[in-house]
Amino acid sequence: MLRLLSASLCSLLLVTAFAQRGTIKVVDTDAMRLSAAKNTAMVDKTVGLSDEQRPQVTEAYMDYERSVDALKQRYARAQGMTPEQKQEELERLYATPRQQAEQSVERILTADQLAKWQAAMPKK
């Protein structure tokens with residue numbers, strides 16, 4: 001639970017940092033919840049999450065969705081960049097929340113589940 005709280009705090013800090021540069025308001029949407037649910041289902045299918053782990057993994061993916069939404073809002077207002085430059089920069093910036101989500105999920109899993117999850121993931 002402590003790990004989940006620290007991951008949530010990291011995401012909140014990221015969103016807050018971007019929000020201080022302009023008015024960015026992240027609101028959980030159905031699309032965000034659907035994406036988090038799909039990712040949680042994928043993890044569950046792969047490793048068999050417990051009833052306690054399922055909401056923790058969902059929250060890790062919701063934190064990712066919130067961070068991505070904040071980035072999109074921030075770059076929607078970016079001046080002096082072409083749409084292609086904005087998209088390229090966003091893709092680069094998405095790596096941090098993506099890594100945070102992966103790390104959060106990995107901390108929630110047991111050793112056996114983590115081994116299954118890592119075996120199922122494509123090699124980088």
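Visitor: Which pattern does the chain follow when it is read along the sequence?

Guide: In this predicted model, the chain follows the pattern α-α-α-α-α along its sequence, with 5 helices and 0 strands in the chain.

Visitor: What does the pLDDT say about the chain, and which elements have the lowest and the highest mean?

Guide: The chain averages a pLDDT of 84, and 81% of the residues score at least 70. Among the elements of the chain, helix α1, which covers residues 2–19, has the lowest mean pLDDT at 49, whereas α2 has the highest at 97.

Visitor: How is the packing of two helices described in general?

Guide: A pair of packed helices is described by two quantities, the angle between their axes and the distance between those axes. In this structure, helix α2 (residues 30–47) packs with helix α3 (residues 53–76) at an angle of about 135°, and their axes lie 8 Å apart.

Visitor: What is the handedness of the crossing of α2 and α3, and which residues make the contact?

Guide: The crossing of α2 and α3 is right-handed. On the α2 side the contact is made by M32, R33, S35, A36, N39, T40, V43 and D44, and on the α3 side by R54, V57, T58, Y61, M62, E65 and R66. Sorted by class, this contact of α2 with α3 has 6 nonpolar, 4 polar and 5 charged residues.

Visitor: Which residues of α2 and α5 meet, and how do they divide by class?

Guide: From α2, the residues M42, V43, T46 and V47 meet Q113, K116, W117 and A120 of α5. The residues of this contact of α2 with α5 divide into 5 nonpolar, 2 polar and 1 charged. V43 of α2 belongs to the contact with α3 and also to the contact with α5.

Visitor: How many of the residues count as buried, and what share of the contacts with a separation of 6 or more joins residues 24 or more positions apart?

Guide: Of the 124 residues of the chain, 34% count as buried. Among contacts in the chain with a separation of 6 or more, residues 24 or more positions apart account for 70%.

Definitions and conventions: Residues are numbered from 1 along each chain as its sequence is written. This is a predicted model: local features need pLDDT of at least 70, side-chain atom pairs count only at pLDDT 80 or more; totals for chains, interfaces and linings use all residues. Side-chain values use heavy atoms; hydrogens and water are left out. Axes are lines fitted to C-alpha atoms, for helices over the stretch in contact, and angles run from 0 to 180 degrees between N-to-C directions. Helices (H or I, at least four residues) and strands (E, at least two) are DSSP runs, numbered from the N terminus. A crossing is left-handed if the near helix is turned anticlockwise from the far one by less than a right angle, and right-handed if clockwise. Contact means heavy atoms within 4.5 Å. Ala, Val, Leu, Ile, Met, Phe, Trp, Tyr, Cys and Pro count as nonpolar, Asp, Glu, Lys and Arg as charged, and the others, Gly among them, as polar. pLDDT is the predictor's confidence in each residue, from 0 to 100. Buried means under 20% relative accessible area, exposed over 50%, partly exposed in between (1.4 Å probe, protein chains only).
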